[in-house]
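Morning, everyone. Please look at the structure on the screen while I talk.

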Amino acid sequence: MECHVYYEGDDDPDKCTARRLERFDEAILHRSMRQVPYGVVLNPHAEQALSPADAEDGLGTLVALDCSWESAEAASFRMNGVHRALPFLVAANPINYGRPFQLTTVEALAAACCIFDEYDRADALLEPFRWGKTFLTLNEEPLRRYSECADSSEVVAVQDDYLADDDAVTDED
């Protein structure tokens, strides 16, 4: 699974997971949107959830956008490709630990690899980060369940189970 990142460079370079992926030859960074190849674009504003069925649509290419959360608007994702949103997952990175949907670029790419049943690739992406294995451990069950789904509607159904469980826990507090 080839990983590409459109890099805006508007966040702290010392905390940028995309730059570290590039240093370890795990992803290719592009500073121009025209350079970004066609693939499955991980877009939180997409109308469909990522599912194993999308693996073939991206022709073996995953694309992520690396920017600060403040600038991650829908317009930022004007890239060619099949746009899909990641389902419910929890961040393991030190800045957003435990927060749902607040994934770093490497967490998003690794999650997509797991959903595509490419666990070895996910491990390789997360290897340079001391919290990388924690991401897989925290999300082990949902990632496994998402990877067993046939399509986006099944992924959404699994996600709804997790969100309902989370609401039930919150209501008890």
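Predicted model: local features only at pLDDT ≥ 70, side-chain atom pairs only at ≥ 80, totals over all residues.

Residues are numbered from 1 along each chain as its sequence is written, and side-chain values use heavy atoms, with hydrogens and water left out.

Confidence comes as pLDDT, the predictor's score for each residue from 0 to 100. The protein chain averages 88, and 87% of the residues score at least 70. Over residues 168–173 the pLDDT is below 50. Beyond near neighbours in sequence, that stretch makes 0 contacts in the model; a contact means heavy atoms within 4.5 Å.

Now the cysteines. How many disulfides does a search of the whole structure find? The search finds 0. A disulfide here is a pair of cysteine sulfur atoms within 2.5 Å. For Cys113, the closest cysteine sulfur is in Cys3, 4.7 Å away, so that is too far for a bond. Cys113 is buried, at 0% relative accessibility. Buried means under 20% relative accessible area, exposed over 50%, partly exposed in between, with a 1.4 Å probe and protein chains only. Cys16 is buried too, at 4%.

Next, Thr105. Thr105 lies in helix H2, residues 105–115. Thr105 is buried, at 9%. Leaving aside neighbours within four places in sequence, its contacts include Val5, Thr17 and Asp66.

Last, Asp25 and Asp117. Asp25 is not a glycine, yet its phi is positive, near 55°. Asp25 is exposed, at 70%. Asp117 has a positive phi of about 60°, and is exposed at 56%.

Note on methods:
Helix = DSSP H or I, 4+ residues; strand = E, 2+ residues; numbered from the N terminus.
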